[in-house]
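Please keep the sequence and the structure in view while reading.

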Amino acid sequence: MTDKNAELFERAQRVIPGGVNSPVRAFRAVGGTPRFISRAQGPYIFDAAGQRYIDYIGSWGPMILGHGHPAVLEAVQKAATEGFSFGAPTEREIELAEEIISLVPSIEQVRLVSSGTEAAMSAIRLARGATGRPMLIKFEGCYHGHADALLVKGGSGMATFGHPTSAGVPPEVVQHTLVLEYNNLEQLEEAFALHGDQLACVMLEPIAGNMNFVRAQVPFVRRLRELCTQHGALLAFDEVMTGFRVALGGAQSLYAQLIPGFAPDISVFGKVIGGGMPLAAFGASREVMSLLAPLGPVYQAGTLSGNPVATACGLATLREIRKPGFFDQLSATTASLVQGLDAAAQKAGVPMVFDHQGGMFGFFFASELPQHYNAVLATDKERFNRFFHAMLDRGVYLAPALYEAGFVSAAHTTDDIAATVSAAAEALALG
Ligand SMILES: Cc1ncc(COP(=O)(O)O)c(C=O)c1O
């Protein structure tokens, strides 16, 4: 443990609750002192004590090109010189909207906002406005930001209403939110049978990155799509994490390959579309999006929405990742990491399972891949925590909680992967 990080943590805790501006950064799940990051370059982050780490968090997803990509840096520097914020429309917003729409065929219009929380919250309001219905379904273990109606966990029975997971959220605020088990078809059928005519939308993380890495199974997504269509509820894909990350067209493009004609009704994006700047978006058909103010009755607004520096950053990032071969290369890097870690685990005789898609991966200390949140909870947390610290000590920065996915960037080299795998072999041998 370096003194400089401990010293900064002490100081931070005096003026910032818990010393952090977003809870998971505090290392509470794994214990120990969070690293205070002073700079980053390519696949590396450097802490306040000058220690270098291979970064598998990538700011929790956005840094798909690695840190300080020259084309992105240039675009941001140019935009900053032109002005930080105008509170008036710009051509760059149109360009970014056009870029997003060209890559995601299910959406015809998009609105830019500043965070994934804001995008998901606005998408729900839009779905409620479009259907005139109050209820929504979410799934245990999926995170859609911290809007009141989404801070909810399941009730005791099947398809019962949930309880707030945060103080400050009155039970009445979550009374319209139904929380179901991920990948549980039976509960889904029951919920639609009981509440189908009251449902405004179902919100799904198609590959849930907030319970490490759990895929929605294809039959589950297929049936979910059918039920939403039959009952007139909107299917909202929260692709804040998976969008432009697991594939150029997001997770929905992968399901569309497996389910003929598949498309969600609303899509929510964040992270990669901002390239590391505060930017997120939600999009849908022109018909649904035209319900938003100023055209329609659903209110939604933002002082910094479509910020010119953030849009420059996002646009430059999307233009890089849409270059031919980008995702093949990124996927190959992720696959080589996962294969290396898997081989190290097998050699050490440690039961570990892995999954990955595009530039996102997950691993569990378990003998089979969990399909829902309770199964994630049943994996070996103590072992994860020991592994996390052993890796950190060896200069590899994994997410500091077993509930989080990992991210690989285009800047990670074969040497970085090899160094990570040999660190893992040592870490696993420690027990
Ligand atoms: C799937 C998903 N949706 C929404 C959010 C909220 O985004 P933000 O942190 O930008 O508010 C996150 C954040 O991690 C996320 O992973």
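At what angle do α10 and α13 pack, and how far apart are their axes? The angle is about 25 degrees, and the axes lie 9 Å apart. Axes here are lines fitted to C-alpha atoms, for helices over the stretch in contact, and angles run from 0 to 180 degrees between N-to-C directions. The packing angle makes α10 roughly parallel to α13; angles under 35 degrees count as roughly parallel, over 145 as roughly antiparallel, 65 to 115 as roughly perpendicular and the rest as oblique. Helices (H or I, at least four residues) and strands (E, at least two) are DSSP runs, numbered from the N terminus.

This is a predicted model, in which local features need pLDDT of at least 70, side-chain atom pairs count only at pLDDT 80 or more, and totals for chains, interfaces and linings use all residues. Residues are numbered from 1 along each chain as its sequence is written.

α10 passes α13 in a right-handed crossing; a crossing is left-handed if the near helix is turned anticlockwise from the far one by less than a right angle, and right-handed if clockwise. On the α10 side, the contact includes Thr-333, Leu-337, Gly-340, Leu-341 and Lys-347, and on the α13 side, residues including Ile-417, Val-421, Ala-424 and Leu-428. Two residues are in contact if their C-beta atoms, placed from the backbone, lie within 7 Å. By class, the residues of this contact divide into 11 nonpolar, 4 polar and 1 charged, where Ala, Val, Leu, Ile, Met, Phe, Trp, Tyr, Cys and Pro count as nonpolar, Asp, Glu, Lys and Arg as charged, and the others, Gly among them, as polar.

Helix α13 (residues 414–429) also packs with helix α12 (residues 381–393), at an angle of about 130 degrees and with axes 9 Å apart. That angle makes α12 oblique to α13. The crossing of these two helices, α12 and α13, is right-handed. Phe-387, Ala-390 and Met-391 of α12 make the contact with Ala-423, Ala-424 and Ala-427 of α13. The residues of the contact of α12 with α13 comprise 6 nonpolar, no polar and no charged.

A further helix pair is formed by α5 (residues 185–195) and α6 (residues 218–231), which pack at an angle of about 5 degrees with their axes 10 Å apart. α5 and α6 are therefore roughly parallel to each other. In α5, Leu-185, Leu-188 and Phe-192 meet residues of α6 that include Phe-220, Arg-223, Leu-227 and His-231. The classes in this contact are 7 nonpolar, 1 polar and 1 charged.

How is the protein divided into domains? Domain 1 covers 3–68 + 324–429, and domain 2 covers 70–321; these bounds come from an automatic or database domain assignment. The centres of the two domains, taken over C-alpha atoms, are separated by 25 Å. Across the boundary, 27 residues of domain 1 are in contact with 30 residues of domain 2. On the domain 1 side, α10 (326–348), β15 (353–357), β16 (360–364) and α11 (373–377) each supply at least two residues. Of these, β16 gives the most, with 4 residues. The touching side of domain 1 has 16 nonpolar, 9 polar and 2 charged residues.

Phe-27, in the loop between α1 (3–15) and β1 (37–41), has a phi near 65 degrees, a positive value in a residue other than glycine. Phe-27 counts as buried because 20 C-beta neighbours lie inside 10 Å; a residue is buried if 20 or more other C-beta atoms lie within 10 Å of its own, exposed if 12 or fewer, and partly exposed in between, with C-beta atoms placed from the backbone. Asn-212 likewise has a positive phi, of about 80 degrees, although it is not a glycine. This residue, Asn-212, is placed in the loop between β10 (207–208) and β11 (214–215) and is buried, with 25 C-beta neighbours inside 10 Å.

Glu-93 lies in helix α3 (residues 91–103) and is partly exposed, with 18 other C-beta atoms within 10 Å. Although Glu-93 and Gly-306 are 213 residues apart along the chain, their C-alpha atoms are separated by 5.9 Å. Finally, a cis peptide bond with omega of about 10 degrees joins Ala-293 and Pro-294, and Pro-294 is found in the loop between α8 (286–289) and α9 (308–321).
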